Amino acid sequence: MALHQVITLSILENNVGVSDAVLLDPLTEDAYIENIQQRFAHDQIYTYIGNVVVSVNPYRKLALYTDSVIEEYRCRNIYELPPHIYAISDDAYRSMRDRNLDQCIIISGESGAGKTEASKMIMHYIAKVSGKGRDIDQVKEQLLQSNPVLEAFGNAKTNKNDNSSRFGKYMDIEFNYKGDPIGGVITNYLLEKSRVSGQSTGERNFHIFYQLLTGADPGTLANLKLTSDPNQFAILNKSGCVSVDTVDDNENYHTVMHGMKVIGFTEEEIEAVHQLLASVLKLGNVAFVHRSNVDGTDGCNIEDDKEIRDVSELLSCSLENLNESLTRKSVEVRGEKVKSDLNLAGATYARDALCKAIYSRMFSWLVRRINDSIRVKSQSTGKCKVMGVLDIYGFEVFQENSFEQFIINYCNEKLQQIFIELTLKEEQDEYIKEGIEWIHVDFFNNAVICELIEKTSGTKSYRMPNVGILAMLDEECLRPGNVTDKTFLEKLNVACGNHPHYESRGCRKNQSDRTLSHDIFRLKHYAGNVTYKVEGFIDKNNDLLFRDLSQAMFACGHSLLKDLFPEGDPALKSLKRPVTTGSQFKVSVTELMKNLLSKNPNYVRCMKPNDQKKPGVFTLDIVRHQVRYLGLMENVRVRRAGYAYRQTYSQFLFRYKMLANETWPHWTGDPKEGVRIICLAQEIDAEEYAFGKSKIFIRNPRMLFDMEERRRDRMHYLAVMIQKTYKGWKQQKLYQLMRTSQIIISARFRGFWAQKQYQKTRNATLVLQCFVRGWNARVLLRKLKREKLEFWAVAVIRKYFLGWKVRKEYRKKFRAQAGPKIVKFLQVALKKRFLLNIKKSLPSLSPTDPYWPKCSPRFKTTSDQLQVIFHRWRCVKYREKFDTAERYKMKEKVTASDIFKDKKEGYLQTVPLRFAGDYQNLRQNPKWKKMNEVNNDNHVVFADAVRKVNRANGKMVDQLLVVSTQAILVIEQHTMQVKYRIPVAEIKRISLSPFRDTLVVLHLQKHENGDKLSKKGDFLFCCDHAMEAVAKTYLVIQNSTSQAPSVQISKQFSAQFGSTSVQLNFQNGVQDIVGGIKIQRRKNVMDVLQP
């Protein structure tokens, strides 16, 4: 809350250049453009002219529109923060909410200047700062979603802008008494429907056509009889541009469909719109061929009826009726209807007129349908507050300007007229309110141009010269006889030839002006001179649609066409000529002006920095042109009329109170008196300022800048004083803190030392006490032990005495040796019973049977020894059952257990499997027998197909591995040729991994002479019976050399490949390895990967 209460006036600081052009000094066009350029280079795209925001399109996204920025500008004074469109949006919203003043925000600028984006930012800001609630959020969402829908149907790619609005839009957003949006109304102006039938080179038709073809699913396109290729349609492919890099038609189509559903369009309505769009695309493909009639007149036929047939099915109309209405027209003469053929040009005109009529009327229906959804549903909330947003075309000056530019510039003239009137009125009202003498302001009053264009006569005679251009154009359109654009220009020359703002080659004053051709006229607008070519003025103003086409559309079964073409109803037959385009637009502009005059206006002037739509590029000529036609310098001059700057006394005093000793640091008196003291203290000339009732008025911006300079100097001085005072206070506090700390440390240390001495004395006392108590306890223990010993001795003496006494009494009754004999007899009897019980309960002869009979604790030791003896005996008996070969196999199993048990995965699965040894049945192979006659390796211990690993790259080759009693042989499997013969004495170590892989590494002895095997290095094999091969090789080496080889099982070990030592790393659980292992060598590292 405190942040909002402090007025920082940051418009005067922390900015590049001047934030408000009213304060610009000197006030020239070059200085103004240089200021805008300087701010643009630092991403400060907004500048004020009083309360008017001037925006320069950056052509890239800036971090100026986040939620945190919205919160920063919320409920803040317009001059409290740097210029921003959020500032004027907030000011308008709060004025409407808190002061019940209806507002309107007028956004203007040429195509590509960012008007559409500015309107969306304003609506986004209003949606963020207004209230919450289910119904309110629904209204907000509908208002926001109306933007992408209208953009799709009303925007198009032009040479100046990839998302150019081709219509004017005014939206009234209605709020309840709390400032929450509850509805709205949209008004559209002058859709550029001529774009439907043709576009300039490099431009596109309206976005929705491309979005439909790109984003709709194949089923929808098939139902609409369309293909997804825009080049297949004549109204899309003539300009040579069907796609734009900065526009995603597919994504935008889905956004539009979502927006239409949010707004409330039904599936039937959306399908009907799709059908109309498809019909327009199909109609554009309809071609005509010339036909000569018998009577000598020209006619035409449709070249291929496929397209027209598809249109008739989409619109549910008669094919014959549609065909005839496109190639013939009806004329009523004295009550009789006469039909005549259209020539090729007439049929083409009728086709294009129908395309434009369907699309433009569908667009108007869309606006009405959106209004039905967003309109305020109930009036129970009381009187509504209104905020309007006007996004309309800016002043247009092209190489060739036609009827569209004429009426667009007429609209801008009216907006400029309102701006001047309201700005001057606001200035005059403020001067009167503050009691300041009003100073007359000289400015260009464009009312004379507005009157030249729109003035009407009291009589309808076209001969009356005292009428405006629009009225004369309507009269010329209604006049019987031969009416052409040339006759219209001649009429203008006669009626307006003496007007100071009208020029034409047909006027006497301009007959020698060769810059004017004979088919143009020139108007001197407020923004500069514009020449208009009269060609097409009559046709575009008439905008005629043949009655046969209207009736054909009304007769269609399509759900929307009866609403779109009501004049086609035969029951409403009328010969009255439809209202001209110029008259309609004039009425719309008049209504718009009345609407704007009823509200408090706010202005956003948009400019584009270059024509290439590139970020960071600022073209001076283009910006200068826009500054002129937007009338920005005129705006600044009107705003600076009299006094250039004004501020409330409290805010002025708050900012400059340090410039006078009496007002610093606090002023408790009247703010006006405080301001007077500041001005006197600074010795400012009294003519440079004036005191109003609540504000001070400053005549020259230089005075304000001088005040700012003095304020900066004074702030620097005060900052030094504050620093000096603070540093002294800080050092004093530091000294006091250090002194207090020293006292505390001394006291704590003395306490600690006394406590330490006390603990030392206490510990010594405890030690002495412990020794004394120990000595006493030991004395007592010795005494108790002595007493216990004495009691034991007494008991023993008594026992022996009683025994002696009994023996003495009974000696005469028994023999002297009876007792020992009885004891011996009992001992022998117990031992015999123990042995007999064991004999009866002996376990089976299976060495794996763990059973052994239980016994008393007396014979536990004997029982354990007997169990061991019995187990050894039955193992001997078990072994005696086998011959020598079987015993050797058992030895191999035991050896495998010693090597692999609890060391290598998969060992337990091999325990029940027999070691076959010769898996290749070599003993029966004649090639092997023949080879053994030479090598003397008759006894085959192990033979199996293996995969030998290449030491260089890890690739594997199928070989035959044979282990005999003398050597290990590596044999070519198909030819039985010995590749390598490794004597068993040459193997010093065998290495394996602890995983399930089958890789075995045989490490060889190294010799100084470097024999062939030493040069090759260690051998790597992948063997499916790896554990059997290792166990048998182990025993062969042990039997041959009387020394067992070393077996290493590890995840990592080294191997010798020739003269190079290579590290083998085993990795388990590697993804994307299908079965087996994968071996990769990287220099001196070989990775063995397995799944």
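Tutor: Happy to! A disulfide is a pair of cysteine sulfur atoms within 2.5 Å, and a search of the whole structure finds zero of them. C1023 shows why: its sulfur is 9.0 Å from the closest cysteine sulfur, in C1022, too far for a bond.

Bear in mind that this is a predicted model, where local features need pLDDT of at least 70, side-chain atom pairs count only at pLDDT 80 or more, and totals for chains, interfaces and linings use all residues. Residues are numbered from 1 along each chain as its sequence is written, and side-chain values use heavy atoms, with hydrogens and water left out.

Now the salt bridges, each a side-chain nitrogen of Lys or Arg within 4 Å of a carboxyl oxygen of Asp or Glu. The whole structure holds 48. One of them joins D90 to R94, with the closest N and O atoms 2.6 Å apart. Because these two are four residues apart in helix 4 (residues 85-99), about one helical turn separates them; helices are DSSP runs of H or I, at least four residues, and strands are runs of E, at least two, numbered from the N terminus. D90 is buried, at 1% relative accessible area, where buried means under 20%, exposed over 50% and partly exposed in between (1.4 Å probe, protein chains only).

D172 and K599 also pair, at 4.0 Å from N to O. D172 lies in strand 6 (residues 168-175) and K599 in the loop between helix 23 (581-597) and strand 16 (600-607), so this bridge ties together parts that are 427 residues apart in sequence. Both residues are buried. Finally, R291, E324, R328, K339 and D341 are linked in a network of salt bridges.
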